[in-house]
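Hi everyone, thanks for making time.

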Amino acid sequence: MREGTGTTSAAPGPQGHAAGGGHGQLDLMGALFVFMLATFIGIMVIQRVSRLLHTPLMSLTNAISAIAVVGALIVSAGKEAPTFITVLGLVAIVCSTTNIVSGFFITDRMLKMFKKRENGGAAK
Amino acid sequence: MSAETLVQLLYLVSTALFILSLRWMSDPETARKGVFSGVAAMLLAVAGTLAGVAATGGTHYWWILGAFVLGSAIGYPLALVPLTAVPQRTALSHAFGGLAAGLVGTAKYFLYYGQHNAEALAPFIVVALVAEILLGFLTFTGSLLAAGKLQEVTWIPQRPVTYPFQNLVNLLLFAVALGLGVALVLNPLAPWGPVAFGLIILLSLAFGVLLIIPIGGADMPTVISILNSYAGLSAVAMGFVLNNKLLITAGALDGSSGLILSIIMCKAMNRSFTNVLFGAFGQAQQKAAGGEEKVYKADTTESAAQVMEQANLVVIVPGYGMAVAQAQHKVRELYDLLKKRGITVKFAIHPVAGRMPGHMNVLLAEAEIPYTDLVEMDEINGDMPQADVALIIGANDVVNPAARTDKTSPIYGMPIIDADKAKTVYAIKRSKNPGFAGIDNELYFLDKTFMLFGDAKAVVGDLARKLAGEGGH
């Protein structure tokens with residue numbers, strides 16, 4: 001294996017790596033564990049979502065997948081990166097922010113509409 | 001506490017909040033808490049990342065702020081679209097998500113390549129990078145195309161577009177992309193690296209289009225769900241590249257959500273994934289249409305109103321036609337008038353009615369129909385024999401009894417709403433043309449079925465008027 005150089009906390013290359021998301025040394029097994037657990041949790045939690053709410057569920061998960069903004073931030077804030085890389089990161093921030101704002105707002109808008117009993121005009 | 005620890009702590013709380021957010025979606029009563037939790041989680045995630053970036057020397061903050069503002073300016077109007085446009089907005093959202101992931105992956109590769117950073121381009125990371133751009137860019141173009149089909153943009157064909165050896169061509173392109181990916185994994189810093197990378201991007205973009213183009217409008221609920229999943233998976237890949245457990249978790253949550261919804265959609269159509277993606281449903285219909293001239297029985301809204309007035313239980317089956325006609329508010333009027341007479345009214349919701357999962361529920365909720373009267377197919381089918389009237393509004397395949405009996409029918413095996421078991425059936429339809437599947441709906445030819453031709457909004461409005469006008473009869 002190429003990364004078998006025996007280093008576990010080697011300081012990587014000269015570029016500034018952001019805490020929490022640079023590249024560091026990939027903790028592969030840890031990451032795989034997390035992926036497996038998260039998938040199982042995801043499946044079990046989603047299976048319990050009411051069928052009535054599948055549309056708002058999808059817009060909510062759209063907003064959640066915009067967590068990609070984290071990666072975009074790390075890329076854009078890089079000090080020693082060439083301009084075009086920073087630009088790529090900034091465009092990615094725009095895309096992700098669009099999803100965050102539109103996803104959460106439209107989900108809430110839809111959820112507000114689900115009412116239980118017939119209301120004679122009085123909102124709960 | 002070091003910056004790294006603080007960041008990880010914020011990520012930890014953020015992750016928990018994301019999980020809770022989805023947990024609260026289990027019931028409409030708690031669902032809004034889910035949105036607040038999600039927003040909080042996202043804010044923590046961004047705050048944590050900014051903290052981490054600042055601690056290790058970041059820059060371009062003003063540009064980043066500008067990007068946030070621009071994103072918000074685009075996102076907010078998108079949240080205000082009419083609810084009938086939610087499927088398109090959702091598809092567009094997937095496109096943005098895929099693009100973001102693809103761009104970040106590209107940026108990372110070129111960054112490491114420019115620094116000749118062999119350690120950063122370790123095999124597993126390159127694998128994750130290739131996965132990220134493949135998923136990201138194919139989701140981008142695929143979702144744009146899906147959004148176009150849903151919005152019925154004129155130059156995008158609604159019917160499936162097929163050509164000979166289609167699946168073979170797709171497979172070949174995928175194999176080439178995979179081959180390039182393997183080459184990159186083995187030799188990421190090679191001089192041809194950027195070219196290979198660029199080629200994979202182009203292939204992914206093409207792949208997205210080719211994958212979606214043979215899929216027809218009626219299969220969109222499944223396709224949107226699958227693309228939802230891919231967008232999440234591309235975020236997971238990003239998480240592996242950046243060694244970021246928050247990305248992995250949040251991406252996995254989105255991925256599994258899309259997966260579950262796709263499975264539900266496929267089961268509801270009784271077709272497998274592969275059949276939806278590669279089966280080009282549209283082709284089967286050419287053989288099924290035609291046959292002997294069958295006779296419809298049409299009726300007036302006057303007599304339909306009279307029959308409904310005498311009913312004890314009315315089941316309304318909404319479909320895409322109701323959405324297109326924006327008839328949901330008229331339906332509410334009808335609902336109110338029937339309830340006032342002590343008639344029980346229920347709505348039968350088929351999982352794939354509409355153009356995305358749960359679409360009908362939102363439209364009816366918008367019309368302020370209590371969600372307790374929206375009943376899932378499996379539950380309502382038991383009551384259908386007791387229904388005095390089944391009113392079909394713009395739904396077609398989901399009530400076609402051929403799905404039960406006709407082995408040659410393209411919809412054979414699909415679970416349907418047993419509208420044909422009701423005592424009387426009224427079907428509102430725009431014209432005599434066959435529905436999307438291009439096949440005849442046997443329900444229409446039963447003795448107890450009467451057609452009410454016209455635009456859904458107009459017909460339902462008329463029914464409501466007739467009901468209101470009929471004082472004590």
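Before anything else, please keep in mind that this is a predicted model.

Which residues do the meeting here? From H3(A) we have Val69(A), Val70(A), Leu73(A) and Ile74(A), and they meet Ala45(B), Val46(B), Thr49(B), Leu50(B) and Val53(B) of H2(B). Sorted by class, that contact has 8 nonpolar residues, 1 polar and no charged ones. As a reminder, an α-helix has 3.6 residues a turn, so residues three or four places apart point the same way.

Now let's step back to the whole interface. On the chain B side, 111 residues are in contact with 93 residues of chain A. Helix H4 of chain B, residues 86-114, gives the largest share of that side, with 18 residues. The chain B side as a whole divides into 62 nonpolar, 37 polar and 12 charged residues.

On to chain B itself. Its C-alpha trace spans about 85 × 55 × 35 Å along the principal axes, and the chain has 18 helices and 6 strands. Of its 473 residues, 54% are buried. Among contacts in chain B with a separation of 6 or more, 81% are between residues 24 or more positions apart.

One helix I'd like to point out is H15 of chain B, residues 359-366. Is H15(B) enclosed or open? It is largely enclosed by the rest of the structure, because 7 of its 8 residues are buried. The buried ones are His359(B), Met360(B), Asn361(B), Val362(B), Leu363(B), Leu364(B) and Ala365(B). After H15(B) comes Glu368(B), with a positive phi near 65°.

Last stop: the domains. The assignment for chain B gives domain 1 as 81-283 and domain 2 as 301-469. Taken over C-alpha atoms, their centres are separated by 36 Å. Their contact takes 19 residues from domain 1 and 17 residues from domain 2. On the domain 1 side, H4, H8 (220-242) and H9 (245-269) of chain B each supply at least two residues, and H9(B) has the largest share with 5 residues. By class, that domain 1 side has 14 nonpolar residues, 5 polar and no charged.

Conventions:
Residues are numbered from 1 along each chain as its sequence is written. Chains are lettered from A and ligands numbered from 1 in the order in which they are written. This is a predicted model: local features need pLDDT of at least 70, side-chain atom pairs count only at pLDDT 80 or more; totals for chains, interfaces and linings use all residues. Two residues are in contact if their C-beta atoms, placed from the backbone, lie within 7 Å. Helices (H or I, at least four residues) and strands (E, at least two) are DSSP runs, numbered from the N terminus. Ala, Val, Leu, Ile, Met, Phe, Trp, Tyr, Cys and Pro count as nonpolar, Asp, Glu, Lys and Arg as charged, and the others, Gly among them, as polar. A residue is buried if 20 or more other C-beta atoms lie within 10 Å of its own, exposed if 12 or fewer, and partly exposed in between; C-beta atoms are placed from the backbone. Domain bounds come from an automatic or database domain assignment.
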